[in-house]
Amino acid sequence: MSLSHRLARMTGRDTNESHRAATPLELLFDLTFVIAFSQAGSQAAHLLELGHVGTGVLGFAISMFAVTWAWINYSWLASAYDNDDLFFRLATLVQMIGVLVMALGFPQFFHSLDEGRYVDNSIMIAGYVVMRCSTIALWLRAAKHDPSRRSTTLTYAVWLSIVQVGWLVVLVAHQSTPVALALMTLLVVAEMLGPWIAERKGQTPWHAHHIAERYGLLVIITLGEVLLGTILAISAVVEAEGWSVQAVLVAFGGTVLAFGMWWSYFVLPSGSILHRHRGRAFFWGYGHIVLLAAIAGVGAGLHVAANVLSDEAHVDAVFALLCVAIPLLVFELTLFTIYSVLVREFDPFHLWLLLGALVVLASSIVVALLGGSIGASIVGLAMSPVVVVVGYALIGHRHEEEVLRRNGALP
């Protein structure tokens with residue numbers, strides 16, 4: 001790459017490039033998603049604390065898909081074609097603007113869902129239009145500079161254009177909520193089919209270790225929502241009763257919960273498996289949409305707990321705890337599934353670890369039902385991923401080494 005960042009050809013990166021790592025530009029791009037995740041989580045928490053479960057969960061699911069899909073669209077393209085020239089840098093700037101515009105549209109989107117008359121996703125779609133202009137331009141540029149993969153890159157550009165027109169039609173049509181949601185579901189399916197169709201024409205030169213690192217960084221950013229929810233909960237306790245046992249339990253439990261989720265996620269070196277088995281990338285990459293939503297959901301649940309602790313919510317402590325426990329359950333089940341599909345094996349030991357984690361999770365809910373404090377229950381929830389961490393530290397690492405050898409990721 002040129003240090004001057006002058007215009008250069010987008011001919012594709014080397015899939016075997018050594019020491020490939022996330023660039024400062026990619027890290028800057030990721031910062032916009034801190035805002036997007038925060039917006040989605042806070043809007044969902046607001047509806048949940050009012051007891052509007054249906055619209056809160058639906059709005060959160062749609063907004064999290066929008067956020068994560070925007071990140072996926074850019075990051076796989078960048079892994080394959082980032083040449084760090086002036087054009088790519090400016091295109092990334094446009095992408096960042098689009099993400100911020102999309103995030104600004106979340107409040108009115110959630111509000112329209114809660115009212116139930118029609119879906120107001122106009123600002124969200126506007127953000128996507130901005131991002132898609134940049135993305136399509138990059139794919140067309142890659143098509144021009146990389147003739148060996150022109151069919152693939154042109155398919156990406158054309159498919160994105162068609163689907164984006166579909167989103168604009170939904171916006172202009174201004175249909176009732178049920179009709180709009182049905183059309184949005186069809187467009188989401190179309191969005192996810194696009195990369196699968198394009199890659200069948202010829203695989204883009206994405207870098208396995210680089211893309212695994214990029215996903216790991218996004219997981220860490222999303223875990224920031226869990227820590228933010230913890231801080232809000234601690235603040236609510238301290239403001240109500242000063243520093244107390246409850247405040248200490250919330251602080252300890254929320255931090256350990258984030259730490260345990262982080263540790264359990266990074267147990268498997270996904271990059272090594274993807275490098276040897278590139279065809280497994282689709283399920284792995286798409287599975288992270290659910291995984292990341294679950295992590296952000298834990299953070300949103302802690303937001304609800306904070307409002308319960310400050311007596312500002314219309315729900316009780318058990319409901320608040322369930323808002324944390326259910327996404328944590330989804331996280332653990334999704335992580336187990338992604339692991340099993342990625343390595344193409346089902347290890348009974350992992351099942352026992354998962355069952356142990358679920359038993360601990362269920363026990364924390366029982367504690368809440370019996371009148372235990374939110375702080376004690378959060379500590380109980382935090383022990384659920386700790387079960388996985390301890391199990392791997394004692395025995396699981398030997399199982400993992402055998403799995404990696406069978407998959408050709410270790411000598």
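Student: Which residue just after α8 takes a positive phi?

Tutor: Gly242 does, with a phi of about 75°. Keep in mind that this is a predicted model.

Student: What makes the span of α8 close to the expected one?

Tutor: Helix α8 has 34 residues. The expected span is 1.5 Å times one less than that number, which gives 50 Å. From first C-alpha to last, α8 reaches 50 Å.

Student: Why is the pair Glu26 and Arg214 called a salt bridge?

Tutor: The cut-off is 4 Å between a side-chain nitrogen of Lys or Arg and a carboxyl oxygen of Asp or Glu. The closest N and O atoms of Glu26 and Arg214 are 3.6 Å apart. That is within the cut-off, so the pair counts.

Student: How do you know that this pair links distant parts of the chain?

Tutor: Glu26 sits in helix α1, residues 24-49. Arg214 sits in helix α8, residues 208-241. The partners are 188 residues apart. Both Glu26 and Arg214 are buried.

Student: How many salt bridges does the structure hold?

Tutor: It holds 9. Among them is Asp84 with Arg89, at 3.0 Å from N to O. Another pairs Arg117 with Glu115, at 2.9 Å. Salt bridges that share partners also join Glu26, Asp30 and Arg214 into one network.

Student: Which residues have the most contacts inside the largest nonpolar core?

Tutor: Phe33, Met102 and Trp284 do, in a core of 127 residues. Helix α11, residues 281-309, gives the most to this core, with 17 residues.

Student: What is Phe33 in contact with, leaving aside neighbours within four places in sequence?

Tutor: Its partners are Val67, Ala70, Trp71, Val99 and Leu218. Each counts because heavy atoms lie within 4.5 Å of Phe33.

Key. Residues numbered from 1 in each chain as written. Predicted model: local features only at pLDDT ≥ 70, side-chain atom pairs only at ≥ 80, totals over all residues. Heavy atoms only, no water. Core = buried A, V, L, I, M, F, W, Y, C linked by side-chain atoms within 4.5 Å. Buried < 20%, exposed > 50% of the residue type's maximum accessible area, 1.4 Å probe, protein only. Helix = DSSP H or I, 4+ residues; strand = E, 2+ residues; numbered from the N terminus.
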